[in-house]
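Have a look at the model below before you read on. We'll then walk through a few of its features together.

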Amino acid sequence: MKKMGKNINKNEKMPPKQSDEETYDTPFSRFLKTIGKKWQKAWEEHECYEANPDPKKPKIFATFPYPYVNGSVHLGHGYSLMKVDLYARYMRMKGYNVLFPQGFHATGEPIAGMAKRLREGDANQIKVLKAFGVSEEEIPKFYDPYHIVKYFLKLMEKDLRDIGVAVDWRRKFVTTTLTPVYSKFIEWQYWTLKEKGFVTTGTHPVIWCPRDESPTGDHDRLVGEGVSIAEFTILKFSYEDAYLVPATLRPETVYGVTNIYLHPDAEYVKIMIDGDRWIVSKESLPKFLNQFKEVKIIETINPNTMFGKYTKNLVTGKEVVILPATFIDPAAGSGVVMSVPAHAPVDWVAIKQLQKNPDSLKRYGVTKEQILSIKPISLIEIEGYGDFPAVEAIEKENIEDQNDPRIKDVTKQIYKKEFHLGRCKAIMGKKYEGKLVKDVKEEIIKDLKEENIASSLYEPEDLVICRCGTRCYVKILENQWFLKFSDPEWKQRVRDHLQSMKIFPENARTLFKNTIEWLEDKACARKSGLGTPLPWDPEWIVETLSDSTIYMAYYTISHYVNQGLLTEEQATKELFDYVFLGKGDPRKLEEEIGLSKEFIEQMRNEFLYWYPLDLRGSGKDLIQNHLTFCLFHHIAVFDDPRLAPRMFNVNGYMAYQGQKMSKSKGILTPLSTAVEIFGTDLTRIGLIAAGEGLDDANFNVKDIRSYDRWLENFYRMTKEKAQRKDWGRMDRWLRSRMQKHIRNAEKYIQSFLTRSYVQEVLFKSLNDIKWYRRRITSLGPAFEEAIDIVLRMLVPVTPHLCEEIWRELGRNGFAIDAPYPQVNDEHIDDLVEREEEYLKELLEDIENIKQALKKTEIKKISLIIAASWKYQVYEEAMKDKKNIIKRIMQEPEIKKLGKEAVVFTQSLIKTGTIPEIIPRERMFSLLEESKDFLKSIHGCDVEILREEEVKEVMTRAKFATPNRVAIVLE
């Protein structure tokens, strides 16, 4: 599971000090800070969030990944967490029995590594620890990794409680042997996987930390989370009594090699492997030691003695020159690089630069003639390109320098096209000529290996650094325990289940599909760090991503463990078989472990009540590991897709004040800091509205100030009362608008569009209430109804403020337990909404005319409603524009109008979709009722006229249409 707590490592930066703009203090924010703890205490005392099975109610089981207990909860956690909390609170209000538990994660290397660095006196690590309030005298206690766990466990639980999560804290636990029954649960999980053949032993490449002497999983990495293993092909180029062995991902391009590069400032070594002598960089040597059985170092070689000499390409039989290059990384691959300028853009740029100054390598013994004689060799044909695709691409982009950032995109484009669309030329031999590269690449590798010209070298796709600070390599492990994710049947079952799941946002589904496809066998155990020993091979410890996949099931019984009703001795494999799989006889278990048959069946029933997991919410970085692993493990262990997770929500990363947070760089803003500055509810709404979907989010003070003002305005509104009981036109309008807001809000929250939810509930709803207040002279019954609706919709966002308002309004019980508003279709009045929308447009039209005429003062506004015949034509056009002129001219009164009617009708024909209109008499009534409102805005007389009445005296009357009155300003 993801170690989501603040990373404590020697490369970590301290959190930045608060700047002036990060301090925040307003009268309303001070008020909000005074009420948070009060309501959290009240909820806890009344056990509001303690969820127990209730067969009479539908259930929701929602979880957020347990954070890693080596620091404080940060805003990134808070962003993902609030989406789960929002949904859980909403579903409670919808009448569901909601279980939202929370545990904590300590498995793996980070905590053990932290303790080790403290024991070694690491100054940076001590500094970071002191930042959490640890005194100099207390530091020796932290030499014990379990003391670290206990210390930060308290801090993290406090952070989560302070943000007001709706968690059933009875069920909390921490992983590792600190919770012995949980470790027994993990043992049961792995026995089950092993018995079903999903855990096997074998020889596989793993990303390896040489210091810890263990595989380094995603969440044991300081740098390189998500980095996979790539298989490079080593190709032999003979040189004297040895071979230079470049490592490449494109072995098919060996036919086009023009030269070999070595780094002039690096050390190289000659090693013996399987009877052959290979020359590799000293920095790459650990890879060979970890991946080949017998490696013997023969001698050290100075590469400067090799430049200007030739090495033979064993595939083509041609000799190519050895050149110095400071731009290559001696730690990458073998430290030996082959150059293919016809098909590798960066290689062509390098050759081009050398040939512009051919004497530049003279000091290395490389002649001008050797440089100028290098010519690209064409071997792959792509439609749309000539013989040298890389050369053409570089020239087209006018790239002159290897450091030009565009070169990466050009390279990616060329490599992709050549692999998928490129065809092999005759130079590659008759066997491959004319075939697509993608179809013969593996065959080429196989043939070269059979000829003993090639071998394999595994590399991380990018830099990987263990949390202990050591650079990681790939090691071929024998007798290592692996999860068999490559199993085709297992993959298919996971694919099938993914198809039935709800994934939010939907575009994340493709990321899950891709992960399932590329996922291969994965090491599931390591030899260092904290965790549960493999039950059949206890020298290995289940690694951090492998013991965090089905722990949601443990939540269903964890409260019994915490109450002492289930002990480590009683937590046998047979008990878990019955509770989670329904295997075995509870009566027999009663005799064996001393638990009553009724209690054993109670645990089984509770599991079946809460399972499957209804929601898992997390960051998008967990798609490539934890979330997909979660699906694999559920499908394998429970062997029933009905017990596998139903819904995942994933979100983007979090920035604070525009600065992207980074674990590896130590830029992580603690959640507690935000709560201290802004208070609980402002922090909650800031996180909930910070973003949505896979896009990255931003938590900033500017938004907080806006939420502060809007919430204060709402709070003030709740203190006002209706002054009349009759339901006037504006009351019907506001009631109708609120039904739309409820409908939209539910659509957004059910799709985890949390920013849109806040905008709908707070901004749009209150804007309608403000318009209502502006339009009426006394508050009617719709006002209090609308306030109640907004209050209930805000409960999942700002529960503490809503609870305070609820109590001030004299309501019984808790606001968090109140029903969520329901849409009443009978209260929707589209016509009255259309009328008010038109009135707003009318105000805008009047203002635009005033500005166009440059009138600062007006004495009278005349609003002229279109003639009845125009309404008749309009209504006909809405039915069908076809032959409309012919149809309307059959009406005698319209026919009398002649050209005027034809011109008006033609204007409607040219219009696209004709919008619905307000009936003529309703328009008249609307404007008549709104005269005082319009007068109050413009400070002048307002008259409402019909076109027939003023056609002869007001020329602008002819511009009146059924969907827009004519406006005359005097």
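This is a predicted model: local features need pLDDT of at least 70, side-chain atom pairs count only at pLDDT 80 or more; totals for chains, interfaces and linings use all residues.

Residues are numbered from 1 along each chain as its sequence is written, and side-chain values use heavy atoms, with hydrogens and water left out.

**Nonpolar cores**
- A nonpolar core is a set of buried Ala, Val, Leu, Ile, Met, Phe, Trp, Tyr and Cys residues joined through side-chain atoms within 4.5 Å; buried means under 20% relative accessible area, with a 1.4 Å probe and protein chains only.
- The largest one has 166 residues, and Phe678, Tyr757, Leu842 and Leu863 have the most contacts inside it.
- Helix H2 (residues 75-93) gives this core its largest share, eleven residues; helices here are DSSP runs of H or I, at least four residues, numbered from the N terminus.
- A second, separate core has 76 residues, including Leu534 and Leu627.

**A loop residue**
- Ala166 sits in the loop between helix H5 (145-162) and helix H6 (180-195).
- Ala166 is buried, at 5% relative accessibility.
- Leaving out residues up to four places away in sequence, Ala166 touches Tyr49, Asp85, Arg89 and Phe100; contact means heavy atoms within 4.5 Å.

**Helix H23**
- H23 (residues 729-750) has 22 residues.
- After H23 comes Phe752, with a positive phi near 60 degrees.

**Cysteines**
- You'll find zero disulfides here, a disulfide being a pair of cysteine sulfur atoms within 2.5 Å.
- Cys466 is buried at 0% relative accessible area, and Cys940 is buried at 7%.

Terms used
Buried means under 20% relative accessible area, exposed over 50%, partly exposed in between (1.4 Å probe, protein chains only). Helices (H or I, at least four residues) and strands (E, at least two) are DSSP runs, numbered from the N terminus. The expected span of a helix is 1.5 Å times one less than its number of residues.
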